[in-house]
Amino acid sequence: MENYGSESSKGKKRRREEESAAESSDFDQILSLEKSLTFSDTMVALRIMRAQFPQIDKSLKREKVLRIFKLNTGQDDHAIMFSEDYSSQIERVKKRSQEKKLGNLEVFEWFKTHVIDFKLEPSIEHHELWTLLSLGGKVKDEHISLLINAGLLTRQLIDPNMYWFTIPNIGSILKGISQGRKEVLSLLNRRRYKEMMLASLEKKHLRLSSLDMRFHLRDLIGSGHLKIVQTPTGLVVQVSKD
């Protein structure tokens, strides 16, 4: 039994060393990507987080680390937010509602405890929302109205019985995303070959968006509107033809 235990221990140690080496290799590849695409710090961070959970079938969303929100800036536009940050947003809007001396404030705690922790998808049906909130207490229409007015829910235009989960006070950010996209694409489309050196483009200041140029480059490359090309003189950003 002692020999078996010793061999088993050595085997486990060897596997841990092999896994550590594999993770180190993955991390080196990630850093290489970061070096070649200097604007990709967010993408690198998400890849690192994904690499840390290689044997877990559930995603970071299922583990309640991240939440995904549907945005109204485009058909396929979504935002990713850490769940703890979203929870903090709920507390902020609750505090603002208290300062305004609004009623039915108990709904914020019901929403955070019974809805957010259970419903991980970007949307929720009215009956399901009502049922989950009822786990906290007797629900009234005023409770749901308060969540909508606080910026935590919005009705879907196609189906009024469905709600999108929303991020409070995100309006100015969404406006910046839309206007910044147009400004960057317009800037490149005015150039002869619809391209520009990445290093030069990163230094440009946008007039219509308070967001960083690197944010918009990540956004437009991720959506397929722009692409990166390696040239002898460096990385070039091009408008995608298709």
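A pocket here is an open set of points on a 1 Å grid over the protein atoms alone, with protein on both sides within 12 Å along at least five of seven lines. In this predicted model, the second largest pocket has a volume of about 590 Å³. Two open sheets of three strands are also described, one in the order β3-β5-β4 and one in the order β6-β8-β7, along with the contact of helix α5 with helix α6.

**Second largest pocket**

- The lining of this pocket consists of 27 residues, and the closest to the pocket centre are Gly-151, Leu-153, Thr-154, Thr-166 and Ile-167.
- Two or more lining residues come from each of β1 (66-70), α3 (83-99), α6, β4 (153-155) and β5 (162-165).
- By class, 15 nonpolar, eight polar and four charged residues make up the lining.

**Sheet β3-β5-β4**

- The pairing in this sheet is antiparallel.
- The edges are taken by β3 (123-125) and β4, each with a single partner strand, so one side of each has no neighbour in the sheet.
- From one strand to the next, the twist averages 35°.
- Three bridges join β4 and β5 in the antiparallel sense.
- Thr-154, one of the residues closest to the centre of the second largest pocket, stands opposite Trp-164 in β5.
- Helix α5 lies across β3, β4 and β5, and runs at about 85° to β3.

**Helices α5 and α6**

- The axes of α5 (residues 126-133) and α6 (residues 141-149) come within 11 Å and cross at roughly 105°.
- Because angles of 65 to 115 degrees count as roughly perpendicular, α5 is roughly perpendicular to α6.
- On the α5 side, the contact is made by His-126, Leu-129, Trp-130 and Leu-133, which meet Asp-141, Ile-144 and Leu-147 in α6.
- By class, this contact has five nonpolar, one polar and one charged residues.
- Helix α6 also gives two or more residues to the lining of the second largest pocket.

**Sheet β6-β8-β7**

- This open sheet has antiparallel pairing.
- Its edge strands, β6 (195-197) and β7 (226-231), each pair on one side only.
- On average, neighbouring strands are turned by 30° against each other, direction ignored.
- Between β6 and β8 (residues 234-239), the antiparallel pairing runs over three bridges.
- Glu-195 stands opposite Gln-238 in β8.

Technical notes. Residues are numbered from 1 along each chain as its sequence is written. This is a predicted model: local features need pLDDT of at least 70, side-chain atom pairs count only at pLDDT 80 or more; totals for chains, interfaces and linings use all residues. Side-chain values use heavy atoms; hydrogens and water are left out. Axes are lines fitted to C-alpha atoms, for helices over the stretch in contact, and angles run from 0 to 180 degrees between N-to-C directions. Helices (H or I, at least four residues) and strands (E, at least two) are DSSP runs, numbered from the N terminus. Angles under 35 degrees count as roughly parallel, over 145 as roughly antiparallel, 65 to 115 as roughly perpendicular and the rest as oblique. Contact means heavy atoms within 4.5 Å. Ala, Val, Leu, Ile, Met, Phe, Trp, Tyr, Cys and Pro count as nonpolar, Asp, Glu, Lys and Arg as charged, and the others, Gly among them, as polar. Two strands pair if DSSP finds at least two bridges between them. On a 1 Å grid over the protein atoms alone, a cavity is a set of points where a 1.4 Å probe fits but cannot get out, and a pocket is an open set with protein on both sides within 12 Å along at least five of seven lines; lining residues have an atom within 4 Å of a point. Grid points are joined across faces, edges and corners, and a volume is the space filled by probe spheres set on the points.
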